[in-house]
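Hello,

Here is the structure for you to take over. My notes on it follow below.

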Amino acid sequence: PAPPGLPPSPPSPSPAPPSPPACVVKLELVLVLDKSGSVRAEQSSLLAFAREMVSQFRLDATEGARVGVVEFSSDAATLTPLTGSLSDVLTAIDGASAAGGGTSVSDGLELGRAEVNRGARADVPRTILLLTDGVQTVDGNDDTAIAKAAAVKQDGVSIVAVGFGGANEQTMRAIASAPSSDFAFFGASMDEVRQHFASDRLCELAASPKAPPPPPSTPAPPGLP
């Protein structure tokens, strides 16, 4: 027993229960992950970020999100098509191939579009999260990537463009959906990117319908107030 006059020791706090996924929303989401040679030093952090983003969503093939994963360097490959299984997505991310090769952002976007459209549920928003640390070095240049992104957006797919390291911030803004102040982010390192998205920021972007552009203003006819 504690000596007289001393308060008893406070009970040790119990560990907090794991928090449920913050984002419960119908969504088709494809992660398009850079695995070019320049990513090598940051690849483990990049894949950790991918796992963190996926784990923010409740994955469910009917009422929740479905997620697919694409990786790209000089070419692109599918790690998993859209699925409502969190374990399948995490296993696919863990199976990403070692970084190496050039950078074809346009290939990644094209395969991302194919996967996010493949079996997409009617009237469910479709989003690509692009993560890259460089400029396009294969199959063209950054203008090629921007043109491919324009075609993807024209198809009704939203793009969240995230760049770090050697990526070009202006290119990320041009690739991203509007407003780029929301849909594009550039960080000096993967740690900065992970901090930026640590809350449910991706959920907010993916779940919020983008407002339609305002109608063009027409001058009032002469003589009317």
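Helices α3 and α4 are roughly parallel to each other, because their angle of about 15° falls under 35 degrees. This is a predicted model. The pair consists of α3, residues 105–117, and α4, residues 142–154, with axes 8 Å apart. The crossing of α3 past α4 is left-handed.

On the α3 side, the contact uses Val105, Ser106, Leu109, Glu110 and Arg113. On the α4 side, Thr144, Ala145, Lys148, Ala149, Ala151 and Val152 meet them. By type, the contact residues are six nonpolar, two polar and three charged.

Next, the strands. β2 (residues 65–72) and β3 (residues 76–83) run antiparallel and are joined by five bridges. They make a hairpin, with three residues between the two strands. Within the pairing, Val69 lies opposite Thr80 of β3.

Then the backbone. Most residues other than glycine have a negative phi, and most peptide bonds are trans.

- Asp123 has a positive phi, near 60°. It sits in the loop between α3 and β4 (126–132). Asp123 is exposed, because its relative accessible area of 81% is over 50%.
- Asp139 also has a positive phi, about 65°. Its loop runs between β4 and α4. Asp139 is partly exposed, at 42% relative accessibility.
- The peptide bond from Ala178 to Pro179 is cis, with omega near -5°. Pro179 belongs to the loop between α5 (169–175) and α6 (180–183).

Best wishes

Technical notes
Residues numbered from 1 in each chain as written. Predicted model: local features only at pLDDT ≥ 70, side-chain atom pairs only at ≥ 80, totals over all residues. Heavy atoms only, no water. Axes fitted to C-alpha atoms, helices over the stretch in contact; angles between N-to-C directions. Helix = DSSP H or I, 4+ residues; strand = E, 2+ residues; numbered from the N terminus. Parallel < 35°, antiparallel > 145°, perpendicular 65-115°, else oblique. Left-handed = near helix turned anticlockwise from the far one by under 90°. Contact = heavy atoms within 4.5 Å. Nonpolar A, V, L, I, M, F, W, Y, C, P; charged D, E, K, R; others polar. Pairing = 2+ DSSP bridges. Buried < 20%, exposed > 50% of the residue type's maximum accessible area, 1.4 Å probe, protein only.
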